[in-house]
Amino acid sequence: MAGIGKAVAEFEDLLPVMAEKLGGEGLMRELSNGFELLMDKERGVITVESLKRNAAVLGLQDLRHDELVSMVEEGDADGDGALSEMEFCVLMFRLSPGLMEESRLLLEEFLQQELESSAFY
């Protein structure tokens, strides 16, 4: 599944840059737009079939069927065989180590501040 790793690595490099340039709301808007490009218009979710039909938009036209299935399964939290918009957004964040690291650092900073402020009371 080298194709998936390559495609994911390219995406991972861009998501933190998008977040920095667009801000939180702008990034979520762009992820929503991406979801709408890839979704099955009748069902309102991303299926393996809709992903295959629209894979060229992401430069993933060379992925095999089993690789597309793996991509959907990776984010399918409720087990319905498709990605809702929320599952898609969560998957995109999970696949971005840069955003995950930034979130972790912000959380650690917040917790440290809370601990320090509670020590003075």
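Q: Which residues does Thr47 touch, not counting residues up to four places away in sequence?

A: A contact means heavy atoms within 4.5 Å. By this rule Thr47 touches Asp40, Val72 and Ala82, with residues up to four places away in sequence not counted. Thr47 lies in the loop between helix 1 (2-38) and helix 2. Please note that this is a predicted model: local features need pLDDT of at least 70, side-chain atom pairs count only at pLDDT 80 or more, and totals for chains, interfaces and linings use all residues. Residues are numbered from 1 along each chain as its sequence is written, and side-chain values use heavy atoms, with hydrogens and water left out.

Q: Is Thr47 buried or exposed?

A: Buried means under 20% relative accessible area, exposed means over 50%, and partly exposed is in between (1.4 Å probe, protein chains only). Thr47 has 2% relative accessibility and therefore counts as buried. In the protein chain, buried residues make up 31% of the 121 residues.

Q: How many helices and strands does the protein chain have?

A: Helices (H or I, at least four residues) and strands (E, at least two) are DSSP runs, numbered from the N terminus. The protein chain has five helices and zero strands, and its elements run α-α-α-α-α from the N terminus on.

Q: Which residues of helix 3 are buried?

A: The general idea concerns the turn of the helix. An α-helix has 3.6 residues a turn, so residues three or four places apart point the same way. In helix 3, the buried residues are Glu67, Leu68, Val72 and Gly75. These residues lie on the same side of helix 3 because they cover an arc of only 140° around the axis. The arc is that of the directions from the helix axis to the C-beta atoms.

Q: How many aromatic pairs does a search of the whole structure find?

A: Rings of Phe, Tyr and Trp (its six-membered ring) pair if their centres lie within 6.5 Å; planes under 30 degrees apart count as stacked, over 60 as edge-to-face and the rest as tilted. The search of the whole structure finds one aromatic pair. The rings of Phe35 and Phe88 have centres 5.9 Å apart and planes at 50°, so this pair is tilted. Because Phe35 lies in helix 1 and Phe88 in helix 4 (residues 85-94), the pair ties together parts that are 53 residues apart in sequence. Phe35 is buried at a relative accessible area of 3%, and Phe88 is buried at 7%.

Q: What is the count of salt bridges?

A: Side chains of opposite charge can pair when their charged atoms come close. A salt bridge is a side-chain nitrogen of Lys or Arg within 4 Å of a carboxyl oxygen of Asp or Glu. The count here comes to two salt bridges. Arg64 forms a salt bridge with Asp66, where the closest N and O atoms are 2.9 Å apart. Arg64 also forms a salt bridge with Glu67, where the closest N and O atoms are 3.5 Å apart. Shared partners join Arg64, Asp66 and Glu67 into one network. Asp66 is partly exposed, with a relative accessible area of 38%, and Arg64 is partly exposed at 43%, whereas Glu67 is buried at 4%.
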